[in-house]
Amino acid sequence: MKKFKYLIIGGGVSGTTAAETVRQNDKSGSIAIVSEEPYPAYSRVMLSKHDFYLPEGENKIWLKTPDWYIKENIGFFSGKKAVNLDANKKIVRLDGGEEIEYDKLLIATGNCAKKWVIPGSDKNNVFSLRVLDDARAIKEKIKTAKKAVAVGGGFISFEMCDLLRQFNIETTLILRESYYWEPILDKNEAVLVENALITNGVKILKNSEVSEIMGGDSVAGVILKNGIQINCDMIIAGIGATCSLDWLGNSGIKTNKGILANEYLETNLSDIWTTGDVAEFNDLILEEIVQLGNWLNSQQQGRVAGINMASNKTPFRLVSSYSTTGFGITISFVGDVRPEADRTIISRGSLESRSWARLLVKDGEIIGATIINRTPELSLISKLISADFKVSGHENELTDPGFDLKKLII
Amino acid sequence: MRQEYVRTKEGSNISKVIIDRDLCIGAASCIAVSATTFKLDDENKAVVMDPDAASDEELIMAAESCPTKAIILVDKLGKQIYP
């Protein structure tokens with residue numbers, strides 16, 4: 001049986017960064033990465049960006065070359081999936097039946113696109129976007145597609161609508177909600193996003209749900225629950241992501257929606273850490289157990305877990321953010337943007353100025369923000385969150401869109 | 001287009017921070033790691049506000065966090081140290 005001092009399940013940015021950090025701290029310890037995809041590490045963020053869809057676009061996505069794993073002496077089990085964990089014997093079994101023993105284990109398996117189960121959803125040219133093969137298939141289809149349907153609100157849907165329109169594909173966006181990205185954005189912010197979509201030729205149908213996909217082997221259109229039919233030759237479904245935790249069923253590891261971890265990214269089982277999209281961890285800044293699906297969180301957690309596995313015990317502390325641009329507007333999310341009942345909102349901005357920021361406040365402190373077309377404020381708001389800034393007495397300044405937030409930072 | 005920023009921080013091994021604006025997608029990772037150094041401009045591209053604000057370690061961390069490797073670091077001898 002093969003044995004590694006450090007075994008990392010997941011070859012995305014989190015697992016790869018962890019392996020790299022372990023190697024920096026332990027020059028001789030054996031390391032291996034198990035990755036479900038048969039590719040070296042690449043930038044998943046790029047899969048929804050316009051550049052990837054240009055003829056030579058794929059060259060821009062690679063974070064590591066196959067040589068890197070050899071040079072760093074990191075074993076790379078690519079195209080393999082972990083199917084069982086025996087935490088007592090410290091053994092992980094892969095889908096080919098191979099067993100690998102470990103001293104220290106990191107689980108950074110990320111998440112996968114929710115499966116869309118409606119009549120016809122298995123037809124050709126019904127896409128989701130999570131992995132490189134999905135993006136390659138979309139890239140091939142948009143060369144010939146004339147009409148597309150996009151399903152769901154969110155970052156990826158916004159970016160894909162932008163992409164489809166840049167390729168002159170007639171695009172209809174189907175939203176189950178009453179406005180874009182409800183309830184993460186508020187109605188005013190959604191108006192800014194929807195106006196950008198509509199101005200650029202995207203047709204939006206709200207309060208709508210696809211009940212059936214028409215066509216033979218390939219999609220020819222959709223039927224909505226209200227009976228409306230829309231012809232199309234491709235569908236991009238952005239209906240959310242989920243973590244696959246079935247393989248951990250008998251291991252004794254504690255899970256909720258993700259794998260539970262403390263602020264050191266340690267699970268309840270000794271010598272097992274978890275990072276990235278799959279980790280539901282104790283966030284020291286937000287003072288909550290959260291699961292954050294963004295690039296920076298994954299990358300930085302990989303770094304901290306790598307340090308913890310190979311060297312000093314270090315807590316994870318970061319205000320993460322994600323930002324995207326499309327149709328001439330920029331949307332940024334910082335920190336915790338979930339609209340839970342215990343949060344109050346401070347809004348700054350106006351529809352006339354086409355800019356809006358919403359600060360989410362809990363227990364008197366800013367914990368997150370949604371920011372539209374006010375990107376210069378992103379770093380300032382991050383600082384206010386990380387400094388545990390108390391909003392009391394500053395409400396008027398914070399609601400004044402002309403007020404310079406820099407004045408609040410000491 | 002590459003925008004260069006000269007760094008003169010005492011004791012630092014990094015002499016230049018370069019942002020490749022064609023690669024930058026405005027994901028804002030660098031800002032979350034080093035908000036004293038970087039900000040996004042009106043085109044949603046990263047720019048350096050203060051090249052001397054952060055430690056070498058923080059600058060390297062910020063560069064490593066970029067999903068498109070748009071931040072390039074050069075040492076005092078003119079050698080590229082990241083990526």
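Predicted model: local features only at pLDDT ≥ 70, side-chain atom pairs only at ≥ 80, totals over all residues.
Which residues lie nearest the centre of the largest cavity?

1. **The largest cavity.** The residues nearest its centre are B:Cys24, B:Ala27, B:Ala28, B:Cys30 and B:Cys66. They belong to a lining of 14 residues. The space inside is about 90 Å³. By class, the lining has eleven nonpolar and three polar residues. No charged residue takes part.

2. **The second largest cavity.** A search of the whole structure gives two cavities of 30 Å³ or more. Six of the lining residues are nonpolar, two are polar and one is charged. As background, rolling a probe the size of a water molecule over the atoms shows where empty space is left.

3. **The interface, by size.** Now turn to where the chains meet. Chain A brings 26 residues to the contact, and chain B brings 25 residues. The size of an interface is often given as the accessible area lost when the parts come together. For chain A and chain B, the buried area is about 1,800 Å². Carbon and sulfur atoms give 58% of that area.

4. **The interface, by parts.** Three elements of chain A each supply at least two residues of the side that touches chain B: helix 6 (295-310), strand 21 (321-326) and helix 7 (378-386). That side of chain A divides into eleven nonpolar, ten polar and five charged residues.

5. **The interface, by pairs.** How many salt bridges does the rule find across the interface of chain A and chain B? The count is zero. Polar contacts do occur between chain A and chain B: seven residue pairs, with both residues at pLDDT 80 or more.

6. Helix 1 (13-25) and helix 6 of chain A each supply at least two lining residues, as do helix 2 (56-64) and strand 6 (80-82) of chain B. Helix 1 of chain A gives the most, with seven residues. By class, this lining holds eleven nonpolar, six polar and six charged residues.

7. **Salt bridges.** Over all chains, the rule counts 32 salt bridges. One pair to look at is A:Asp103 and A:Lys3, whose side chains meet at 3.4 Å, N to O. A:Asp103 lies in strand 6 (residues 99-107) of chain A and A:Lys3 lies in strand 1 (residues 2-9) of chain A, so this pair ties together parts that are 100 residues apart in sequence.

8. **Backbone exceptions.** Most residues other than glycine have a negative phi, and most peptide bonds are trans. The peptide bond from A:Glu182 to A:Pro183 is cis, with omega near 0°. A:Pro183 sits in the loop between strand 10 (170-174) and helix 5 (187-199) of chain A. In chain B, a cis peptide bond joins B:Tyr82 and B:Pro83, with omega about -5°. B:Pro83 is in the segment after strand 6 of chain B. The remaining place concerns phi. A:Phe327 is not a glycine, yet its phi is positive, about 50°. A:Phe327 is found in the loop between strand 21 and strand 22 (329-335) of chain A.

Terms used. Residues numbered from 1 in each chain as written. Chains lettered and ligands numbered in written order. Heavy atoms only, no water. Contact = heavy atoms within 4.5 Å. Buried area = accessible area lost by both parts, 1.4 Å probe. Salt bridge = Lys/Arg side-chain N within 4 Å of Asp/Glu carboxyl O. Polar contact = N/O pair within 3.5 Å; in protein donor to acceptor, adjacent residues only side chain to side chain. Helix = DSSP H or I, 4+ residues; strand = E, 2+ residues; numbered from the N terminus. Nonpolar A, V, L, I, M, F, W, Y, C, P; charged D, E, K, R; others polar. 1 Å grid on protein atoms, 1.4 Å probe; cavity = no way out; pocket = protein on both sides within 12 Å on 5 of 7 lines; lining within 4 Å. Points joined across faces, edges and corners; volume = space filled by probe spheres on them.
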